[in-house]
Amino acid sequence: MNNNYYISTPIYYPSAKPHMGHAYSSIIADFFARFKRIQGYDVFFLTGTDEHGQKIQRAAEKKGVDPRSFCDEISKTFRNLSKLLNLSNNDFIRTTEERHRKSVDNLWKILEAKNEIYLSKYSGWYSVSDEAFYSEDEIETIDNKKLSKNSGSPVEWIEEESFFFKLSKWQEPLLKFYAENPKFILPESRKNEVISFVKSGLKDLSVSRKSFTWGIKVPSNNDHVIYVWLDALTNYLSALNYPDTNDPNYKKYWPADLHLIGKDILRFHAVYWPAFLLAANIQPPKRVYGHGWILSGEEKMSKSKGNILDPIEIINSYGLDPLRYYLIKEVSFGNDGNISKDKLENCINSDLANNYGNLCQRVTAFIEKNLNSSIPKDYEFNKDDNNILDVYKKNYKSLINYVDGQDINNYVNFIQEQLFSANKYFNDQEPWKKKGDIKRLGTILYVSLELIRKISILLYPIIPSTSLKVLKTFNINEKDISIKDIQNHEILKKNTNINKISVLFKKIEKND
Ligand code: MSP
């Protein structure tokens, strides 16, 4: 069995400070990375910054600084955000690093040697904000301004000498590749969009620019810089030390298991990227998942629209784990999701404080008071106990399948249901009335602790630091967490001590 798993976030443009959309991509990727680790996989989780191109050059010019120092500065804020979000990434790549330049340079040379690239002239529309070329039918005129229909960003007309990649040649091989790898693009609805785009006819793609300099030079012609998307996509290889195909990381992790991206950059990942790779005779990644947007009101959150919810501010006021939980649970994964402080507060109060926090506190406080803080040693499961404990074993495979199919919502629903039934179990069993029956009392409490343990393991990929806090009271350390252990009922050691769990989430006072 291949025990390696490679997952990536998009690499972010350090053109402005990070916002909630970026935090979202990263948190979701971290969820998968952490889950696969506790499933026993050797995970490589990559994130980073995409630092070349006209967009960055212009942003730097606007600030009156050179692009290099501009990127150094803002890339740092993304690196800091990855720490603040408690990402478990193994690497952080910057496209201005030498290791990356080497990879891009090599990939270009291969494509050129294979006769996949030729010199010609580009004339057409370009959006600097999207770093994308658009055809006439992909743009519209609003208030005398030419805009991309898709993203709404302004386009400008460019005419310049350019190298082209023979994308048209890869139309049929790509369609064949999609047919042979039906789960290469997810979710399904977006896969269909991509396939119809490819079927509608692929034109050769301009892959170099001559009118600015901030980028990696075309090896054979230094007047040109390599198109920023060809440059950026290669980050997934350069982090594994490509072109050294004997590098242990390259051997272990390529092809990547999952490129997690936003839907706006699906075309680059699901069309251009596999075409470049097929042309260079490199295996394409196994899957590209295009998630929806985080909306504020009805609109995509973006700097130009000025409707940004700042992740750092939210974390400072509410804490990280509530934000992680909220984004993972509240957004129907794959679709757009509307977020607000109000909904975040409801989520903290009901799911986190009432359902999870309260359960942990009630059970452990009861044990402290009545069993001198020790895990019961006398217990015997009856039918009710076995039923509630067995749910995890019965659903174990489905849970793994949910994650492998990026069905995050069903995974979270399962946790929510189990939180509900664990609370109900504790209420229905009324341990406070069983103080005279030490065995039954011990059983109820042992079962309740086991439920908390199992739920905390399931919560680990979502709210790692809170889950760890709880698991540590059971003497389970991070390196020992294993998803398999949710199937067993007798992991907790009898007669060892358990400390009372303090308030995990503070309830938010609301005025309504
Ligand atoms: N640099 C490119 C990606 C190159 S990957 C080889 C890029 N960068 S970005 O900073 O503009 O966006 C990075 C990711 O953030 C994209 O996946 C994008 O979809 C995501 N988001 C940006 N705004 C978003 C929301 N409002 N909501 C959710 N995600 C969105 O594109």
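Two strands count as paired where DSSP finds at least two bridges between them, and the elements themselves are DSSP runs numbered from the N terminus (helices H or I, at least four residues; strands E, at least two). The model is predicted, so local features need pLDDT of at least 70 and side-chain atom pairs pLDDT 80 or more, while totals for chains, interfaces and linings use all residues. Residues are numbered from 1 along each chain as its sequence is written, and side-chain values use heavy atoms, leaving out hydrogens and water.

On this basis, three strands make up an open sheet with antiparallel pairing, whose order is β11-β13-β12. The edges are taken by β11 (208-209) and β12 (217-218), and because each has a single partner strand, one side of each is left without a neighbour in the sheet. Strand β13, which covers residues 221-226, is joined to β11 by two bridges in the antiparallel sense, and within this pairing S208 stands opposite I226 of β13.

## The four-stranded sheet

A further open sheet contains four strands in the order β5-β4-β8-β10, again with antiparallel pairing. Here β5 (132-134) and β10 (205-206) stand at the edges, and since each is paired with a single strand, one side of each lacks a neighbour in the sheet.

Strand β4, residues 117-127, pairs with β8 in the antiparallel sense through ten bridges, whereas the antiparallel pairing of β8 (residues 156-165) with β10 rests on two bridges. Residue F164 of β8 can be followed on both sides of that strand: F164 is the bridge partner of Y118, and F164 also stands opposite S206 in β10.

## The β6-β7 hairpin

Strands β6 (residues 139-142) and β7 (residues 145-148) are antiparallel partners joined by four bridges, with I142 standing opposite K145 of β7. Two residues separate the strands of this hairpin, and in it D143 takes a positive phi near 50 degrees.

## Backbone exceptions in loops

Most residues other than glycine have a negative phi, and most peptide bonds are trans. E131, although it is not a glycine, has a positive phi of about 50 degrees, and this residue is located in the loop between β4 and β5.

## Surroundings of the ligand

The shell around the ligand holds 25 residues, of which I11, D50, G262, D264 and I294 come nearest; a residue is included if one of its heavy atoms lies within 4 Å. A polar backbone atom of I11 is 2.8 Å from a nitrogen atom of the ligand, a polar side-chain atom of H22 lies 3.2 Å from a ligand oxygen atom, and an N or O atom in the side chain of D264 is 2.4 Å from an oxygen atom of the ligand.

Taken alone, the ligand exposes 660 Å², and the protein buries 95% of that area (Shrake-Rupley method, 1.4 Å probe). The elements that contribute two or more residues to the shell are β1 (4-12), α1 (20-38), α7 (228-233), α8 (235-238) and β14 (258-262).

Conventions: Polar contact = N/O pair within 3.5 Å; in protein donor to acceptor, adjacent residues only side chain to side chain.
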